[in-house]
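Reader: Please take one part of this model and go through it closely. I would like the charged pairs and the contact between the chains treated together, in one connected account.

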Amino acid sequence: MLRLFISRLLALIPLLFAISTVTFFLIHLIPGDPVDLMLGDYATDQDRAELREALGFTGSLFSQYLSFLVNLVKLDFGKSIFSGVAVSSLLFERLPATIELSLASIILAVGWGIPAGVLTASTKSKTVDFFGTSVGVLGMSLPGYFLGPILIWIFAVLFGILPVGERGGVSHLILPSLSLALPLGAILMRMTRAAMKEELTEDYIKVAYSKGITKRKVYFKHALKNALMPVVTLIGLQIGMLLTGTVITETIFNWPGLGTLLFDGIQQRDYPIVQGCILVIATIYVLVNFVTDLSYSFIDPRVKTK
Amino acid sequence: MIKTFKNPFFSVGLLLVSIFAIISFFSLSIDLNSANEINLSNKFQAPNLVNLFGTDETGADLFKKVAIGARISLVISFSVVFFSLIIGLIYGSVAGYKGGRTDQFMMRILDLFYAFPGFLLALALVSVLGPSVKNLIFALTLTGWTGFARLIRGEILYLKEKDYIQAATALGNSSTRIVCRYIWPNLFGVLLVQCTFSLAGTLIVESGLSFLGLGAPAHIPTWGSLLNTGRFYLVEAYHIALFPGLCIVFLVLGFNLLGDGLKQVLDPKKNSVV
């Protein structure tokens, strides 16, 4: 177990290195000079030189790359062009809001998706089964950026019972997390449903029944445990999707997280901020995948031996 | 063939996609400038017989804009899936058929692409390259081909051990010929299903980027950008957000249903539960 953990952890290093390299070249290989793009046509040569200096765009590309990497190890992402604040402090300030929103969404999604999947897979009722199918495929097709405005319209405009925008108590969290959790839960439900239905046809289920184990125990202790494997993979992947999905959701709900920071950075062509946000989101994404990978061996002991 | 059309998922999906295909075909006759024409005395009209979807905040007819948006979305999704398929087919085939070190090396590169969240990469690329349909297609292809490559490589690893491939090799066929003539035709079903789901996924990401203003240039109406405009006028005119949003949902739903239907028809035993 420890060896697996360490070898996977070591595999992260080249991955993180690659991510930072890609991010660096993404920002630095822009067609046209980013400095010109930012300053427009009326800037003087001195303005340009000053901005170049501030951005660290001096010297050869390779030396820029090296100093970028060195700064990265020191968690120095440079300074925001517009506010002059250190990007790292902005990132740390915004990160909790994004984590709060993502966690709330994933808990909600797992909370309704998996039980709904088990329920609609184990039913004999055709109506419930059809309901499961419809909700699954509809949820997959309903993007958060449409669901968000719908929820705002219903709960904030029509009934005026829930607030929109800004971070605050639980009431502020409801709409944004719902708009992420409903589609996400639908995908989880679909997967759980498919996996459960497949497991329920296996021989060991018949054996369990013939031993006189109650239905509920067969579903939740026997079938679900085996069906959970692909679902866990999916949850891991979805957390990653969620993190990137928050860029849109946070913009809609004016949620002060990494997503809005990135979006505003893009709008203002504040490249150090864009770079920092991409690096942080991509790193979290990689870490989540790492944890997902490890969690297999807890759920399925067979994985350990491989 | 008849069995395919009898599948309810497939036929409803096909119907939805066809409707949008027809709308976008007729949108070719709509002039972009006339669709964008500003007529402030006519703004925020609710849906009526003259303006089927009502008018937006500039007084322009929303239906015309949505129709043009349909064409943009379809063109982008199909181009992205087409290019992703071609790249994935070549990459996956080489990796899967060659095997060994080549395969290992190629898969490592693929892992790098997987490590980077696709939406974020597309977002960063478009924001750096600037909003244009071409850049959008490029960015989405760059993040979209990996799924195809991985799937195709896996299928080829499995297929190349089959007896008839061994026989074809023994008969002295070149590897290119074996891959193109004997392996690729067997991938048709799997790839068709993957393409439809991929169309749905691409559409969602494309509209999301347009929503953020990182899609097509501002003067071209897209579903995402219309939806984004509409959310600021939910109180005065909710229809501006409603219709583009519904279009996204129905077209994505159409592709997803097509995919589910095809999956059931092509592979009745495995994975047919939806």
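Author: Arg190(A) and Asp260(B) are both buried. In this predicted model, they form a salt bridge whose closest N and O atoms are 2.9 Å apart. The pair runs between chains, with Arg190(A) in helix α8 of chain A and Asp260(B) in helix α11 of chain B. The number of salt bridges between chain B and chain A is one, so the pair of Arg190(A) and Asp260(B) is that bridge, given the cut-off of 4 Å between a side-chain nitrogen of Lys or Arg and a carboxyl oxygen of Asp or Glu.

The setting of this pair is the contact between the two chains. Chain B contributes 42 residues and chain A contributes 41 residues. Between them the chains bury about 3700 Å², and 80% of that area is on carbon and sulfur atoms. Four residue pairs are in polar contact across the interface of chain B and chain A, counting those with both residues at pLDDT 80 or more. On the side of chain B that touches chain A, the elements giving two or more residues are α5 (100-115), α6 (118-129), α9 (175-211) and α11 (239-266). Of these, α11(B) gives the most, with 11 residues; α11(B) is also the helix that holds Asp260(B). Sorted by class, the side of chain B that touches chain A has 34 nonpolar, six polar and two charged residues.

Chain B has a salt bridge of its own between Asp103(B) and Arg153(B), where the closest N and O atoms are 2.8 Å apart. Because Asp103(B) lies in helix α5 of chain B and Arg153(B) in helix α7 (residues 133-159) of chain B, the pair ties together parts 50 residues apart in sequence. Asp103(B) counts as buried, at 8% relative accessibility. Helix α5 of chain B is among the elements that give two or more residues to the side touching chain A.

Asn7(B) is placed in the loop between α1 and α2 (8-26) of chain B, and is buried at a relative accessible area of 9%. Leaving aside neighbours within four places in sequence, Asn7(B) is in contact with Gly261(B), Gln264(B) and Val265(B). Asn7(B) and Gly261(B) are 254 residues apart in sequence, yet their C-alpha atoms are 6.2 Å apart in space. The side chain of Asn7(B) also reaches the backbone nitrogen of Phe10(B) at 3.0 Å.

In chain A, Thr23(A) lies in helix α1 (residues 2-28), and is buried with a relative accessible area of 0%. Its side chain reaches the backbone oxygen of Ile19(A) at 2.7 Å. Apart from neighbours within four places in sequence, Thr23(A) is in contact with Gln275(A), Ile278(A), Leu279(A) and, in the other chain, Phe116(B).

As for confidence, the model scores ipTM 0.86 and pTM 0.88. Chain B averages a pLDDT of 89, with 97% of the residues scoring at least 70. Within chain B, confidence is lowest in helix α1 (residues 2-6), at a mean of 78, and highest in helix α4 (residues 62-98), at 95.

How values were computed
Residues numbered from 1 in each chain as written. Chains lettered and ligands numbered in written order. Heavy atoms only, no water. Contact = heavy atoms within 4.5 Å. Buried area = accessible area lost by both parts, 1.4 Å probe. Polar contact = N/O pair within 3.5 Å; in protein donor to acceptor, adjacent residues only side chain to side chain. Helix = DSSP H or I, 4+ residues; strand = E, 2+ residues; numbered from the N terminus. Nonpolar A, V, L, I, M, F, W, Y, C, P; charged D, E, K, R; others polar. Buried < 20%, exposed > 50% of the residue type's maximum accessible area, 1.4 Å probe, protein only. pLDDT = per-residue confidence, 0-100.
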